[in-house]
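Keep the viewer open as you read.

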Amino acid sequence: GYMQITPSSGAGQLFAEVVNDGVTPTLQNPAITGPGLAAGQDFYVAFVLDPANDVARLYRNGELVGIQAVSDEQDFSAIEDFNVWLGRSNFSADPGFNGTFTDFRIWEGALQEADIALHAACGPDALDCDPPTPFEMVAGSTTEVTEPTAVNFGNLGGDATYVFHFN
């Protein structure tokens, strides 16, 4: 299976989806879309997987732009992370990301709207704005990433929040 977050889909929209082919039949939850991200501007994007509440949520600059019900049979922890990239698609026809990730973080746990709004307002590299326990950051970097980079974050157990600052 895979998770995909792209700042500008073929339709010019912010786009996120999760496909779990580790179960039969394959579970493909409907994609979440929001306004596209213009090149050369700074953006904050958060994608929250919250199976405890049977939803996935997509945020742009701290504001909720989409929410999608996910199957109660979905087991996000079954999605393996052996081929995870920043700035590169797993589909060869897709163009690479032409920009800079100024910050990315992955938390085990589904952050809520107030946590997302605070973190977005603080901006990149603001470690004092990280959410309180029980959220544990399992991967992240405040080093700028300007070319495709592999990321390994292990098994998150289902609930997770993915946050990116980029331009």
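**A strand on the inside**

Start with strand β12, residues 160-166: 7 of its 7 residues are buried, so this strand is largely enclosed by the rest of the structure. Please bear in mind that you are looking at a predicted model. Buried here stands for under 20% relative accessible area.

Strand β5, residues 43-50, is joined to β12 by 7 bridges, and the two run antiparallel. To find your place in this pairing, look for F43, which stands opposite F166 of β12. Strand β9, residues 101-108, also runs antiparallel to β12, again with 7 bridges between them.

Which residues have the most contacts inside the largest nonpolar core? They are F47, L58, Y162 and F164, in a core of 20 residues. Two or more residues of this core come from each of β2 (14-20), β5, β6 (55-60), β9 and β12. Another core, of 10 residues, lies apart from this one and includes Y44, V48, Y59 and I116.

Finally, zoom in on F164. Leaving aside residues up to four places away in sequence, F164 touches I5, F43, Y44, V45, L86, F101, D103 and F104.

Methods:
Residues numbered from 1 in each chain as written. Predicted model: local features only at pLDDT ≥ 70, side-chain atom pairs only at ≥ 80, totals over all residues. Heavy atoms only, no water. Buried < 20%, exposed > 50% of the residue type's maximum accessible area, 1.4 Å probe, protein only. Helix = DSSP H or I, 4+ residues; strand = E, 2+ residues; numbered from the N terminus. Pairing = 2+ DSSP bridges. Core = buried A, V, L, I, M, F, W, Y, C linked by side-chain atoms within 4.5 Å. Contact = heavy atoms within 4.5 Å.
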